[in-house]
Amino acid sequence: TKLRQKTAMEGSWRLMETTQQLLMWYLEDLNYKDYPKDIPIFLTRKGDPVNRWVVKKDGPISRIDYIYVGFRQRLEKCGIYQPGYKKTFKHLRKSGATTIAFLTEGRYPLLEQKYLAHKPNSVARLHYAAIDDSLLDDWLGEMERYYELKTILKGVEECRKKETHPRRVKH
């Protein structure tokens with residue numbers, strides 16, 4: 001569950017099976033059972049939270065978003081990111097809604113709205129025409145199959161066996 005800052009709407013989605021497995025492996029690598037509960041799990045290589053607010057030397061408060069930085073670096077590595085490129089991580093999120101619309105053949109426009117955590121445009125939609133979470137769960141599973149995301153797991157599992165998986169965070 002996440003509160004979307006822009007709309008103040010709460011969004012709740014199940015994790016795709018691929019994401020669940022990757023997260024479980026990540027937590028194993030952290031030795032999560034012994035991990036201090038007051039330290040965020042997702043940290044930079046220097047041990048800082050991946051999203052944080054900092055005060056700059058000249059005074060203003062600024063947000064550092066290493067998730068966006070990593071996303072942009074992957075785009076650069078794939079040759080997609082060019083100077084002036086305007087696509088951000090939110091476009092990946094919106095691509096998910098487009099995929100749901102494609103897979104459902106447009107039959108569930110409220111499902112796309114729920115996926116994006118957009119505010120319903122009427123009181124009736126807010127209270128009487130709500131989409132059941134299980135319907136979104138089912139279509140997230142379909143999206144996972146459509147993009148063949150589980151193929152990622154084999155490569156990650158091989159890296160983990162070779163001990164070449166991403167660094168283990170020290171705490």
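Modeller: Helices here are DSSP runs (H or I, at least four residues), as strands are runs of E of at least two, and both are numbered from the N terminus. This is a predicted model, in which local features need pLDDT of at least 70 and side-chain atom pairs count only at pLDDT 80 or more, while totals for chains, interfaces and linings use all residues. Residues are numbered from 1 along each chain as its sequence is written, and side-chain values use heavy atoms, with hydrogens and water left out.

Colleague: Which residues of α4 are buried?

Modeller: Buried means under 20% relative accessible area, exposed means over 50%, and partly exposed lies in between (1.4 Å probe, protein chains only). In α4, the buried residues are Leu111, Glu112, Gln113, Tyr115 and Leu116.

Colleague: What is in contact with leucine 111, leaving aside its neighbours within four places in sequence?

Modeller: Contact means heavy atoms within 4.5 Å. With neighbours within four places in sequence left aside, leucine 111 touches Ile100, Thr104, Ile131, Leu135, Leu136 and Trp139.

Colleague: Which residues make up the largest nonpolar core?

Modeller: In soluble globular proteins, nonpolar side chains tend to be buried together. A nonpolar core is a set of buried Ala, Val, Leu, Ile, Met, Phe, Trp, Tyr and Cys residues joined through side-chain atoms within 4.5 Å. The largest one here has 11 residues: Met16, Ala97, Ile100, Leu111, Tyr115, Leu116, Ile131, Leu136, Trp139, Leu140 and Met143. Two or more residues come from each of α3, α4 and α6, and α6 supplies the largest share, four residues.

Colleague: Is threonine 99 buried or exposed?

Modeller: Threonine 99, found in helix α3 (residues 89-103), has a relative accessible area of 5% and is therefore buried. Beyond its neighbours within four places in sequence, threonine 99 is in contact with Met143, Tyr146 and Tyr147.

Colleague: How many salt bridges are there?

Modeller: Side chains of opposite charge can pair when their charged atoms come close. The rule for a salt bridge asks for a side-chain nitrogen of Lys or Arg within 4 Å of a carboxyl oxygen of Asp or Glu, and the count comes to seven. One of them joins glutamate 17 and lysine 150 at 2.5 Å, N to O. This pair links distant parts of the chain, 133 residues apart: glutamate 17 is in helix α1 (residues 17-30), and lysine 150 is in the loop between α6 (133-146) and α7 (151-161).

Colleague: Why does glutamate 17 count as partly exposed?

Modeller: Glutamate 17 counts as partly exposed because its relative accessibility is 41%. Lysine 150, at 44%, is partly exposed as well.

Colleague: Which residue forms a salt bridge with lysine 114?

Modeller: The partner is aspartate 133, with the closest N and O atoms 2.8 Å apart. Lysine 114 lies in helix α4 (residues 109-116) and aspartate 133 in helix α6, so the pair ties together parts 19 residues apart in sequence.

Colleague: At what angle do α1 and α7 pack?

Modeller: Two packed helices are described by the angle between their axes and the distance between the axes. Axes are lines fitted to C-alpha atoms, for helices over the stretch in contact, and angles run from 0 to 180 degrees between N-to-C directions. α1 and α7 pack at about 15°, with their axes 11 Å apart. α1 is therefore roughly parallel to α7, a description used for angles under 35 degrees. The contact involves Thr18, Gln21, Leu22, Trp25, Glu28 and Asp29 of α1, together with Leu153, Val156, Glu157 and Arg160 of α7.

Technical notes:
Parallel < 35°, antiparallel > 145°, perpendicular 65-115°, else oblique.
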